[in-house]
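Welcome! Take a moment to look over the model below, and then we will walk through a few of its features together.

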Amino acid sequence: MDKIIKLLEGISHGGKAPKVLTECGPNKTEYERKRQIFNTKFQFKPTAIVMCECTEHVQAVVKIANELHYPIRVRSGGHDHEGECSGTDTILIDLSKMTGVKVDKKDGVARIQPGNRFVNLIPKLAKSDVCIPHGTCGTVGIAGFTLGGGWGPWTRIHGMCCDSLEGATIVLGNGDVLELTPECEQKELLWALRGGGGMSYGIVTEFVIKTFVLPEHTIKFNVVWTNSSAFAVLKMWEGLIAPNANERLIGTNLMIMATPTQKGVSIRKAVHSCTFFGYYVGTDKELREQMKVWFAALPPTSVNIPNEEPDKTKYSKAFTSWERLSSATLLGRNKPMLHAGNAFKLSDLDKPLKGDPLPPDQDPPAPNKITSRVTSEKGWNDAGRESLIESLQSDLIFDEGAKGGLLCYVTLGAISGSYYAKYKDPGFPYGSAFPYKKRKYTIQYQVWWDQGKEDIKLGKEYNVHEYTNRAEDWIEECRKKPFPETDGSFISFKDAGVPTRNYFLHSYDELKRIKEKFSKDPRNRFSTRKTII
Ligand SMILES: Cc1cc2nc3c(=O)[nH]c(=O)nc-3n(C[C@H](O)[C@H](O)[C@H](O)COP(=O)(O)OP(=O)(O)OC[C@H]3O[C@@H](n4cnc5c(N)ncnc54)[C@H](O)[C@@H]3O)c2cc1C
């Protein structure tokens, strides 16, 4: 072990050496903080965390790991749901210091280093009045997000972020570096990076992503139903995301809370709290008029539109270090949408309020378990919708858990919209490995809970631990359920229990071949449980 650390401490490029953090070294306090990942259910202890600052540092670490046959892990934003961005007894290549962003207006692209999180990246791009198809959560990293597909507020009109990936710099398994472009000899590798998952093919140290001009008026809003049939809300939401309908609704997801089994209530009438998150291009007035039409037949409990002045740079100040966000705030996860001070009724839609640029969600790190599915192109018929709502009721879910901060729900993320309705496949290897371009929406079953340790420190008495195993059992039941009209899973919402082929479907064999042909990784060092090999 001493030899590894000595070699890592000897790395230097252009007079800069990456910081090397170890459990017993002089930076042990920083090590303790940096070993944490977003899913705090996983507590790994890497042998060393190397805070790389440039491509050459990454190359040097890969070469040392090869020489010593030592396992490596790669972390950019650290949000991997299965914790595959870290590991005990590994060399952890941390890219969070690589935060360079260069906007090239002439070519319509941004050169983005992997350490960028949306909370910092989007304001940097907005200074040049451009944007990319980013995600909803401010602390998610551009790297894992893009490599996994990249769903978000712009998906309906700009597609998944991976479909905007125009080039990349990548460190291969032997330490070689490649500059990938759509016309280079290894362009198949670029195709694989467009949705083929993180880690498998090499370590990306720069992403070249197509930009679009930021519209003048964008609004993030949410609409809540606490007393309506979830079946009816689901059907209404599905209607709004038809491929060529409602173009100004540029992105949306629907969250439906799970409940204990509702005995004696028919599935079509069952009430589950539902929140419609929406992203709209247009003025506040236009959105209000639109909402009156959208929700006329199913009046919501409340409508929430932020009432702050637009300021494209402001929201980055909200939280810069996600490690410091306490998991205790998780209990507030639902509150902004259910109890926002500016919530109002549909009948109040004529009162003036001002919009906001699309600010990120402020989710704090917390233990979680997720599984996902993807609907067919048409979405579901009524029988399918019933089976989804039915899956949201279980004897494995308890009201006491919810009261203590154990949240069980599903989120449905719209894919269908004008982008993929007009999409013409340019043919391999010019399109992307993302296999769900023509699908209607993704389905993520999620369980999140507060951490006892943090609660105890704060003198709180919540204890959800007797319910968390049951909630994870519920996730397993949902994974196994034979749903009609769905197949495949979304790799960004990684669940180690889903067979790898299910994530990539018809791209799977091609991705394996590309990894073997181009990654120069004969010992499969770029490997975790859900990488392509
Ligand atoms: C709170 C929360 C909200 C989310 N919201 C969304 C959303 O709105 N839309 C969406 O699509 N997804 C969303 N996700 C899922 C998220 O996109 C994935 O977890 C993604 O992999 C995270 O990227 P990261 O860089 O933060 O993670 P990391 O954990 O750093 O990386 C994820 C994977 O990619 C690998 N990797 C990281 N960096 C590199 C690199 N530079 N080169 C090669 N491989 C690399 C890692 O080894 C790991 O296997 C969300 C996740 C969370 C926890």
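Helices here are DSSP runs (H or I, at least four residues), numbered from the N terminus, and axes are lines fitted to C-alpha atoms over the stretch in contact, with angles from 0 to 180 degrees between N-to-C directions. This is a predicted model, in which local features need pLDDT of at least 70 and side-chain atom pairs pLDDT 80 or more, while totals for chains, interfaces and linings use all residues. Residues are numbered from 1 along each chain as its sequence is written, and side-chain values use heavy atoms, leaving out hydrogens and water.

Let's begin with helix 1 (residues 2-9) and helix 3 (residues 55-68), whose axes come within 10 Å and cross at roughly 155 degrees. The two helices are therefore roughly antiparallel (an angle over 145 degrees). Their contact (heavy atoms within 4.5 Å) joins Lys3, Ile4, Leu7 and Leu8 of helix 1 to Val61, Ile64, Glu67 and Leu68 of helix 3.

Another pair is helix 8 (residues 230-240) and helix 11 (residues 382-391), packed at about 125 degrees with axes 10 Å apart. That angle makes helix 8 oblique to helix 11. Among the residues in this contact are Phe231 and Leu234 of helix 8 and Arg385 and Leu388 of helix 11.

Now to the ligand. Its polar contacts (pairs of N or O atoms within 3.5 Å) include these:

| Residue | Protein atom | Ligand atom | Distance |
|---|---|---|---|
| Asp80 | polar backbone atom | oxygen | 2.9 Å |
| Thr136 | polar side-chain atom | oxygen | 2.9 Å |
| Trp151 | polar backbone atom | nitrogen | 2.7 Å |

How values were computed
Angles under 35 degrees count as roughly parallel, over 145 as roughly antiparallel, 65 to 115 as roughly perpendicular and the rest as oblique. A polar contact is a pair of N or O atoms within 3.5 Å; within protein, one must be able to donate a hydrogen and the other to accept it, and residues adjacent in sequence count only if both atoms are side-chain atoms.
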